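Reader: Here is a model I would like to go through with you. Please give the cut-off behind each term as it comes up.

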Amino acid sequence: MATRKPVVGDDIDDQTVDATGEPEDETYEGLLTRTIDRLKVAVFDPKTPPRDLAALTRRLMEFEKELLRLRETDAGPADLAEVADEDFDPEEEI
């Protein structure tokens, strides 16, 4: 797979990215952290249109909550959590 350097923003480090635009060996926590950093730049940029601030701020808060949850539980992404079902008893009343 061909590699390229990121071109978005001046503060991006020299991390190699693959053709999908993701750094090689990116962890879920690393992706969340990079996304939060990028959202912070947009939210606190005086040039960001006021109509976009509410949506950007909401997304920033969602990603920060997910990162905190991930660091507290070390369980991985929320959609990969396993839940055990109870045994079914057809004679049990509801």
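Reader: In which helix is the place of Thr 33?

Author: Thr 33 sits in helix α1. Helices here are DSSP runs of H or I with at least four residues, strands are runs of E with at least two, and both are numbered from the N terminus. This is a predicted model, in which local features need pLDDT of at least 70 and side-chain atom pairs count only at pLDDT 80 or more, while totals for chains, interfaces and linings use all residues. Residues are numbered from 1 along each chain as its sequence is written, and side-chain values use heavy atoms, with hydrogens and water left out.

Reader: Why does Thr 33 count as partly exposed?

Author: Buried means under 20% relative accessible area and exposed means over 50%, with partly exposed in between (1.4 Å probe, protein chains only). Thr 33 has 28% relative accessibility, so Thr 33 counts as partly exposed.

Reader: What is Thr 33 in contact with, leaving aside its neighbours within four places in sequence?

Author: Those partners are Leu 67 and Arg 71; contact means heavy atoms within 4.5 Å. From Thr 33 to Phe 63 the C-alpha distance is 8.4 Å, although they are 30 residues apart in sequence.

Reader: What makes the pair of Thr 33 and Glu 29 a polar contact?

Author: The term needs a pair of N or O atoms within 3.5 Å; within protein, one must be able to donate a hydrogen and the other to accept it, and residues adjacent in sequence count only if both atoms are side-chain atoms. A polar atom of the Thr 33 side chain lies 2.9 Å from the backbone oxygen of Glu 29.

Reader: How many residues make up the largest nonpolar core, and which are they?

Author: There are seven: Leu 32, Ile 36, Leu 39, Val 43, Leu 60, Leu 67 and Leu 70. A nonpolar core is a set of buried Ala, Val, Leu, Ile, Met, Phe, Trp, Tyr and Cys residues joined through side-chain atoms within 4.5 Å. Helices α1 (28-43) and α2 (50-73) each supply at least two residues of this core, and the largest share, four residues, comes from α1.

Reader: What covers the buried residues of α1?

Author: The cover includes α2. The buried residues of α1 are Gly 30, Leu 32, Ile 36, Leu 39, Ala 42 and Val 43. Leaving aside neighbours within four places in sequence, Leu 39 is in contact with Leu 56, Arg 59, Leu 60 and Phe 63.

Reader: How do you know that the span of α1 is close to the expected one?

Author: The expected span is 1.5 Å times one less than the number of residues. With 16 residues, α1 reaches 22 Å from its first C-alpha to its last, close to the expected 22 Å.
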